[in-house]
Amino acid sequence: MNRLETQLPGLNLKNPVMPASGCFGFGREFGGLYNLNDLGAIMIKATTVEPRFGNPTPRVAETAAGMLNAIGLQNPGIDGVMNNELPWLEQFDVPIIANVAGSTEEDYVEVAKRISTAANVQALELNISCPNVKTGGIAFGTIPEVAKSLTKKVKEVSVVPVYVKLSPNVTNIVEMAKAVEDGGADGLTMINTLLGMRLDLKTAKPILANKTGGLSGPAIKPVAIRMIHDVSQQVNIPIIGMGGIESAEDVIEFFYAGASAIAVGTANFVDPFVCPKIIKDLPELLDQLGFDHISECTGRSWN
Amino acid sequence: MIVNEHCSIVSQREIAENIYELILHGELTSKMNEPGQFVHVKVASGYAPLLRRPLSIAHVNKENQEFTLIYRKDGRGTAILSSKKTSETVDILGPLGHGFPIEETKAGETAVLVGGGIGVPPLYELSKQLVKKGVNVKHVLGFQNHAAVFYEDKFKSFGSTYVTTVDGSHGTKGFVTDVMNELSFDTIYSCGPTAMLKAVEAGYATHKKVYVSLEERMGCGIGACFACVCHTADDPFGFSYKKVCTDGPVFKAGEVVL
Ligand SMILES: Cc1cc2nc3c(=O)[nH]c(=O)nc-3n(C[C@H](O)[C@H](O)[C@H](O)COP(=O)(O)OP(=O)(O)OC[C@H]3O[C@@H](n4cnc5c(N)ncnc54)[C@H](O)[C@@H]3O)c2cc1C
Ligand SMILES: Cc1cc2nc3c(=O)[nH]c(=O)nc-3n(C[C@H](O)[C@H](O)[C@H](O)COP(=O)(O)O)c2cc1C
Ligand code: FES
């Protein structure tokens, strides 16, 4: 028996561990370090209709147990991703979850329609929660009705299941989750980064050129756990959890909270081999805790 | 090939005010081929600090499997690194990036190596490799003041060396470009603060062989996070870009917007 095998809408995963969007590019760099076939899935960098350069630098700033980023959705656009990035990833036996972003509903719909037809894209992740773009992005992620309507429109055109990535920058995360479930979402991914700022001691000005950025890393883990704990009890769709994961122990904690799979973001920068390491460590941890299969851990905190 | 290795400290000493020379032992030394490459250093396990620090490779001794980092104790990360003692280990990821093209200067030709402050270290390995292939090297090294000067004698052993300081407390008072104007050479290799690189680029805009090494804040250091991008010079407001960590840190002058 494969104790890590995980079934989710559209996704037959060898294991529930995948790199988070924006922290793994389109896989090429990590492909030089280890066999990408080891991964459960890959969440690729956000794709928009047009190529984007993103924000000016500095784009990252370190914080206590975390980091701020304001990359600004830099990507080669749907054509570049469809023609160069996804075909390269086809050499691996790994499902791709395509992160879809935009400034208008039409943008999202166009990217979703096209990218969902790629051979190896087995699910979409609607990025309605990027804090680093001036228009779109976060507006879709903070108003329940807007998020629901967008989910519906994307569902109409996508030929693969649609997961919606929730922003933690809201007052009522459960309300948002229910709205996108109503809109037809097949699953949720959460959480995206928390909006933050750091100032330079010498200049008194923000370190990031964009002034604000998204906080990620171990610092946000308790926020993610709390939100997944609350949301998983109120919806009937699965959750891919993320936010500060860097060990097998963290993975189990996310499962206890209510996640059915997890993604690793910032930890890839600290230790580029962290994903295969976690996958390797999980079976032994399951032994220690007395579980046969990792799915037994989901929702234990409230179940 | 990028390797992650816990390298043991052979020695660490303060060689100028707040400037440390750290010699490490590790098998990844065998992969260090281009002068100007860097390593990504995790100065402490755990979260304080979380991210790695990029530091240039200043010298490589393949025979002993040793390499040298020279850094300024600046913020929290480098302060922790400076407190490490012999026989402790340091978590190193590398070698990373593309270094200076030594093939651009032929044996018998002259290269000038222009460094500012903590941009000086990678020029030492570069100078060694250029001299080995028969290139005449000249060094122009700029520092803040007398207390900040390091490796002057080591550079002198490879070729003529001119030191400038901002306050004139050592060598010539002024900037590296003032000294460069007095010299003749075929190639310029430069590393230092952006203002200095800009001055070098502007002063030698028609010179064909000028190479500059850039600094940018990094996340991953391996090309995956898009933290360290810069615009290309032929498309300064468009979406074409280079990553400092993988396409650089060394670029041909005029290739990217400084
Ligand atoms: C390719 C490359 C090579 C470098 N080589 C050397 C070298 O050989 N010797 C040396 O002394 N310094 C070098 N630097 C600069 C060095 O990385 C910074 O001085 C160092 O990261 C500061 O860390 P800190 O914890 O002391 O400072 P903090 O201010 O506490 O650092 C906070 C964050 O900002 C980043 N940061 C701060 N200053 C810089 C900077 N100037 N460049 C990039 N990131 C920065 C840190 O990496 C960290 O993520 C290099 C930088 C780059 C990009
Ligand atoms: C540098 C960086 C870039 C990111 N880019 C994206 C992105 O393009 N799309 C997206 O949905 N999330 C993006 N994220 C958010 C991550 O996917 C993840 O949700 C978040 O960082 C929390 O996980 P972590 O703490 O493990 O990093 C990015 C995060 C970082 C640090
Ligand atoms: S530091 Fe991540 S792409 Fe350069």
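Chain A and chain B bury about 2600 Å² between them, and 67% of that area is on carbon and sulfur atoms. Buried area here is the accessible area, taken with a 1.4 Å probe, that two parts lose on being put together, summed over both. On the side of chain A, the residues that lose the most area to chain B are F53(A), E62(A) and V270(A), which together make up 24% of what that side buries. The size of an interface is often given in this way, as the accessible area lost when the parts come together.

This is a predicted model, in which local features need pLDDT of at least 70 and side-chain atom pairs count only at pLDDT 80 or more, while totals for chains, interfaces and linings use all residues. Residues are numbered from 1 along each chain as its sequence is written, chains are lettered from A and ligands numbered from 1 in the order in which they are written, and side-chain values use heavy atoms, with hydrogens and water left out.

Counted by residues, the interface brings 30 residues of chain A into contact (heavy atoms within 4.5 Å) with 29 residues of chain B. Between the two chains there are two salt bridges, a salt bridge being a side-chain nitrogen of Lys or Arg within 4 Å of a carboxyl oxygen of Asp or Glu. One salt bridge joins E62(A) to R53(B), with the closest N and O atoms 2.7 Å apart. Eight residue pairs between chain A and chain B are in polar contact, both residues being at pLDDT 80 or more. A polar contact is a pair of N or O atoms within 3.5 Å; within protein, one must be able to donate a hydrogen and the other to accept it, and residues adjacent in sequence count only if both atoms are side-chain atoms.

The side of chain A that touches chain B draws at least two residues from each of α1 (28-31), β5 (60-63), β6 (66-69) and α9 (267-270) of chain A. Helices (H or I, at least four residues) and strands (E, at least two) are DSSP runs, numbered from the N terminus. By class, this side has 17 nonpolar, six polar and seven charged residues. Ala, Val, Leu, Ile, Met, Phe, Trp, Tyr, Cys and Pro count as nonpolar, Asp, Glu, Lys and Arg as charged, and the others, Gly among them, as polar.

A nitrogen atom of ligand 1 is 2.9 Å from an N or O atom in the side chain of S56(B). An oxygen atom of ligand 1 lies 2.7 Å from a polar backbone atom of G77(B).

Ligand 2 is surrounded by 24 residues, and the closest are S21(A), K165(A), G217(A), G244(A) and T266(A). A backbone N or O atom of S21(A) is 2.7 Å from an oxygen atom of ligand 2. The side chain of T266(A) has an N or O atom 2.7 Å from an oxygen atom of ligand 2.

Over all chains, the structure holds 14 salt bridges.

Technical notes
A residue is near a molecule or strand if one of its heavy atoms lies within 4 Å of it.
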